[in-house]
Amino acid sequence: MFTFLLWCVLFVLCWPLAIAALIAYPVVWLLLLPFRILGVAVHGVLEIIYLAITLPFRLLAAPFRI
């Protein structure tokens with residue numbers, strides 16, 4: 001909501017810049033999309049490595065059930 005109000009103020013003060021920002025936003029979003037997907041993949045791989053390393057410690061710390 002705040003972003004929309006900020007854009008409205010920009011539109012009133014300098015409408016060509018606001019229209020340019022409105023057109024450039026989807027282009028920038030599409031250019032940054034591969035980096036976001038890569039970030040999700042790297043986070044997943046690092047999480048799997050972390051869980052594989054800490055698994056023995058978590059198994060030793062678990063209470064034994066009979």
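1. Ground rules. Residues count from 1 along each chain as its sequence is written, and side-chain values use heavy atoms, with hydrogens and water left out. In this predicted model, local features need pLDDT of at least 70 and side-chain atom pairs count only at pLDDT 80 or more, while totals for chains, interfaces and linings use all residues.

2. Overall form. The protein chain has two helices and zero strands (DSSP runs: H or I of at least four residues for helices, E of at least two for strands, numbered from the N terminus). Its C-alpha atoms fill a box of roughly 70 × 25 × 15 Å along the principal axes.

3. Burial. Of the 66 residues in the protein chain, 3% are buried (buried is under 20% relative accessible area, exposed over 50%, partly exposed in between, with a 1.4 Å probe and protein chains only).

4. The helix pair. Helix α1 spans residues 2-13 and helix α2 residues 15-61. W7, L10, F11 and L13 of α1 meet W15, L17, A18, I19 and L22 of α2 (contact means heavy atoms within 4.5 Å). The residues of this contact are nine nonpolar, no polar and no charged (Ala, Val, Leu, Ile, Met, Phe, Trp, Tyr, Cys and Pro count as nonpolar, Asp, Glu, Lys and Arg as charged, the others, Gly among them, as polar).

5. A look at F11. F11 sits in helix α1 and is partly exposed, at a relative accessible area of 37%. Leaving aside residues up to four places away in sequence, F11 touches A18 and I19. F11 and A21 lie ten residues apart in sequence, with 9.9 Å between their C-alpha atoms.

Note on methods
Axes are lines fitted to C-alpha atoms, for helices over the stretch in contact, and angles run from 0 to 180 degrees between N-to-C directions.
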